[in-house]
Amino acid sequence: MFIGEYQYNLDDKGRIFIPTAYRDELGEKIVIVKGLEKFLYAYNMPEWEKLVDKIGNLTFTKKSNREFTRMFLSGAYINDIDSKGRINIDSSLLNHAKLIKECVFIGSGNRIEIWDKAAWINYYDEHEQVIEDISEELDF
């Protein structure tokens, strides 16, 4: 499970350190994919394979399923984590999430989200009340 918030900077070659707290759970490879909003998702291989299986089970005769599969999977890249704990993020992913320098890694259970720092701060500030509102409806 991925939890927590960590800040790291991209270097000039598009490389970024993976938070130490996430490395054991990730293993040697990581899948980075365009998020459904303007950030990135990162998965370890077992979680990615589960997701791809679910996507593969969508009814392919439904147009929206084909479009989702095509768009989502075409934006995915498998990356090796180097000996220093870094990954090199593809330029199309950097452009999608508008990642230039300061980034934030957000643990989201079975996946990691990678945000531009300013975008994350803005999102968090705008949605801080949501957790209180939704928590009233949850039954733990």
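**Close-up 1. Asn-65 is a buried residue of helix 3.** The relative accessible area of Asn-65 is 15%, so the residue counts as buried. (Buried means under 20% relative accessible area, exposed means over 50%, and partly exposed lies in between, with a 1.4 Å probe and protein chains only.) Asn-65 sits in helix 3. Helices are DSSP runs of H or I with at least four residues, strands are runs of E with at least two, and both are numbered from the N terminus. Leaving aside residues up to four places away in sequence, Asn-65 touches Leu-58 and Thr-59. Contact here means heavy atoms within 4.5 Å. The model is predicted: local features need pLDDT of at least 70, side-chain atom pairs count only at pLDDT 80 or more, and totals for chains, interfaces and linings use all residues. Residues are numbered from 1 along each chain as its sequence is written, and side-chain values use heavy atoms, with hydrogens and water left out.

**Close-up 2. Leu-36, Leu-58 and Phe-68 form a nonpolar surface patch.** Together the three residues have about 270 Å² of accessible area. Areas come from the Shrake-Rupley method with a 1.4 Å probe, and for residues only the protein chains shown count as cover. Patch members have over 30% relative accessible area and no salt bridge; like charges are joined within 9 Å, and nonpolar side chains (Val, Leu, Ile, Met, Phe, Trp, Tyr) within 5 Å. Leu-58 lies in the loop between helix 2 (45-56) and helix 3 (63-74). Leu-58 is partly exposed, at 34% relative accessible area. Leu-58 is also a contact of Asn-65.

**Close-up 3. Asp-80 and Lys-29 meet in a salt bridge.** Their side chains come to 2.5 Å, N to O. The pair links distant parts of the chain, 51 residues apart: Asp-80 is in strand 5 (residues 76-80), and Lys-29 is in strand 3 (residues 29-34). Asp-80 is exposed, at 51% relative accessible area. Lys-29 is partly exposed, at 37%. A salt bridge is a side-chain nitrogen of Lys or Arg within 4 Å of a carboxyl oxygen of Asp or Glu. The structure holds 6 of them.

**Close-up 4. Two further salt bridges are Glu-47 with Lys-50 and Asp-82 with Arg-86.** Glu-47 and Lys-50 meet at 3.2 Å, N to O. These two residues are separated by about one helical turn because they are 3 residues apart in helix 2. Glu-47 is buried, at 18% relative accessible area, whereas Lys-50 is partly exposed, at 48%. In the other pair, Asp-82 and Arg-86 meet at 2.8 Å, N to O. Asp-82 is partly exposed, at 27%. Arg-86 counts as buried, at 16%.

**Close-up 5. Asn-88 lies in strand 6.** The strand covers residues 86-88. Asn-88 counts as partly exposed, at 42% relative accessibility. Its contacts, not counting residues up to four places away in sequence, are Lys-13, Gly-14, Arg-15 and Asn-79. Leu-73 is 15 residues from Asn-88 in sequence and 19 Å away in space, C-alpha to C-alpha.

**Close-up 6. Tyr-6 is a partly exposed residue of strand 1.** Strand 1 covers residues 5-9. The relative accessible area of Tyr-6 is 28%. Beyond residues up to four places away in sequence, Tyr-6 touches Pro-19, Ala-21, Tyr-22, Cys-103, Val-104 and Phe-105. The C-alpha atoms of Tyr-6 and Ala-21 are 9.3 Å apart, with the two residues 15 apart along the chain.

**Close-up 7. The largest pocket has a volume of about 420 Å³.** Of its 14 lining residues, Ile-106, Trp-120, Tyr-123, Tyr-124 and Ile-131 are the closest to the centre. Strand 7 (102-108), strand 8 (111-116) and helix 5 (117-135) each supply at least two lining residues. Helix 5 gives the most, with 7. On a 1 Å grid over the protein atoms alone, a pocket is an open set of points where a 1.4 Å probe fits, with protein on both sides within 12 Å along at least five of seven lines; lining residues have an atom within 4 Å of a point. Points are joined across faces, edges and corners, and the volume is the space filled by probe spheres set on them.

**Close-up 8. Lys-98 has a positive phi.** The angle is near 55 degrees, in a residue other than glycine. Lys-98 lies in the loop between helix 4 (91-97) and strand 7. Lys-98 counts as exposed, at 53% relative accessibility.
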